[in-house]
Amino acid sequence: MTASSIVPQANEEQTHSTMMAWRVHQFGSPEVMKFERVPRPEPDPGEVLVKVAAAGVGPWDGWIRSGKSALPQPLPLTLGSDISGQIVAMGPGDTELRAGDQVFGVTNSRFIGAYAEYAVASAGMVSSKPTSLSHVEAASVPVIAVTAWQALFDHAQLKAGQTVVIHGAAGNVGSYAVQLAHLAGVQTIATVSTGDISIARSLGANTVIDYRTQRFEEEVRNADAVIDLVGGETQERSFEVLRRGGKLISAVSRPDQDLATRHGVEAAFFLVNVTSQYLTKIARFIDDGKLRTKVGAVFPLADAREAHLILERVRPQPKGKIVLDVGAR
């Protein structure tokens, strides 16, 4: 065998056993992100290996990259959590999933590993992809849709006929929260900026408040719950609109417990827990035409740093979720 025939074979083996991924070796700005060739991961028991077709980009990816994650994140790491793609290998253990299945979901509880050509995912954190969505659309869904569901129904425990105030209602999580509340018969008061009033109404909000021209605490009284997707001063003012015994649920920051006690309400911050069961319910709503998704910007995998410049507001903000198209070149 000649040397020239050995080289392509060696390159082919390396390509099969390795992959391109966005790695972080030190925390910092988007400049710390490195697009590198790394070993292709192998699934352990209870895991699946997914050939990634698309990966979602969210604020939590920026927090992890900059060292502000709520969870310990040993370095180096591969960024990203939301994925959609095809299972190509299975770790040992019983699961309903099979190689060849088209799935969507998140990688693991640390929210890392998705900005890559292949990703290992916990079998309990993925589910069959909605058949009505492309992989790019499906990758936009998992974290934000499950966050909205858990805020409304697990933490606020809202029921039909009750009233909820949703701050940031035209944002990625807020858009799902408005739709899911509407589907459940919950009366929805949405706070948005002037340009998003028609969007909030189209998603099913019963009342829309323009926070630029109105103070929501002067418009609302005795709400059963507030879903806070904004934080800061908006969160503090939200205690005034709740009935006694109401709930303030935040997905962004820990509420002031002294304020909660003073107003006679419950107030909690939560981290989303994405599981197959929630993903299956959401996929069913999507395929039944009851939930709308919105992709705001799509980049090829090689341009993930550009997506993080959007997260840092260095680039203009799209309306909708940012997604990496891993199949794009």
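Let us start with isoleucine 227. Leaving aside neighbours within four places in sequence, isoleucine 227 is in contact with Ala151, Leu152, Ala156, Val164, Val165, Ile166, His167 and Ile249, where contact means heavy atoms within 4.5 Å. Keep in mind that this is a predicted model, in which local features need pLDDT of at least 70 and side-chain atom pairs count only at pLDDT 80 or more, while totals for chains, interfaces and linings use all residues. Residues are numbered from 1 along each chain as its sequence is written, and side-chain values use heavy atoms, with hydrogens and water left out.

**The nonpolar cores**

Which residues touch the most other members of the largest nonpolar core? They are Tyr115, Val164, Ile227 and Leu324, in a core of 79 residues. Helix 4 (residues 142–155) gives the most to this core, with eight residues. Apart from it lies another core, of 15 residues, including Ile189, Val220, Val241 and Leu259. A nonpolar core here is a set of buried Ala, Val, Leu, Ile, Met, Phe, Trp, Tyr and Cys residues joined through side-chain atoms within 4.5 Å. Buried means under 20% relative accessible area, exposed means over 50%, and partly exposed is in between, with a 1.4 Å probe and protein chains only. Helices (H or I, at least four residues) and strands (E, at least two) are DSSP runs, numbered from the N terminus.

**Helix 4 and its partners**

Helix 4 packs against helix 5 (residues 172–183) at an angle of about 50 degrees, with the axes 8 Å apart. That makes helix 4 oblique to helix 5. Their crossing is right-handed. A crossing is left-handed if the near helix is turned anticlockwise from the far one by less than a right angle, and right-handed if clockwise.

On the helix 4 side, the residues that meet helix 5 are Ile144, Ala145, Thr147, Ala148, Trp149, Leu152 and Phe153, and they face Asn172, Val173, Tyr176, Ala177, Leu180 and Ala181 in helix 5. By class, this contact has 11 nonpolar, two polar and no charged residues.

Helix 10 (residues 276–287) is another partner, packing with helix 4 at an angle of about 100 degrees, with the axes 10 Å apart. That makes helix 4 roughly perpendicular to helix 10. In this contact Pro142, Ala145, Val146, Trp149, Gln150 and Asp154 in helix 4 meet Tyr278, Leu279, Lys281, Ile282 and Phe285 in helix 10. Its residues divide into eight nonpolar, one polar and two charged.

For these values, axes are lines fitted to C-alpha atoms, for helices over the stretch in contact, and angles run from 0 to 180 degrees between N-to-C directions. Angles under 35 degrees count as roughly parallel, over 145 as roughly antiparallel, 65 to 115 as roughly perpendicular and the rest as oblique. Ala, Val, Leu, Ile, Met, Phe, Trp, Tyr, Cys and Pro count as nonpolar, Asp, Glu, Lys and Arg as charged, and the others, Gly among them, as polar.

**Helix 11**

Now turn to helix 11 (residues 304–311), whose buried residues are Ala304, Ala307, His308, Leu309 and Ile310. These pack against strand 1 (18–24), strand 2 (33–39), strand 3 (47–57), helix 2, strand 15 (295–300) and strand 16 (321–325). After helix 11 comes arginine 313, whose phi is positive, near 65 degrees.

| Residue | Relative accessible area | Class |
|---|---|---|
| Lysine 321 | 1% | buried |
| Phenylalanine 111 | 11% | buried |
| Arginine 237 | 13% | buried |
| Glutamine 157 | 44% | partly exposed |
| Lysine 68 | 62% | exposed |

Lysine 321 belongs to strand 16, and its C-alpha lies 19 Å from that of aspartate 228, 93 residues apart in sequence. Arginine 237 sits in helix 8 (residues 232–238). Beyond its neighbours within four places in sequence, arginine 237 is in contact with Arg215, Phe216 and Glu217.

**Loops and backbone details**

Where does lysine 68 lie? Lysine 68 is in the loop between helix 2 (59–65) and strand 4 (77–78). Proline 76 lies in the loop between helix 2 and strand 4, and a cis peptide bond joins leucine 75 to proline 76, with omega about -5 degrees.

Phenylalanine 111 is not a glycine, yet has a positive phi of about 65 degrees; it is placed in the loop between strand 6 (102–106) and strand 7 (118–122). Glutamine 157, in the loop between helix 4 and strand 9 (163–167), has a positive phi of about 55 degrees although it is not a glycine.
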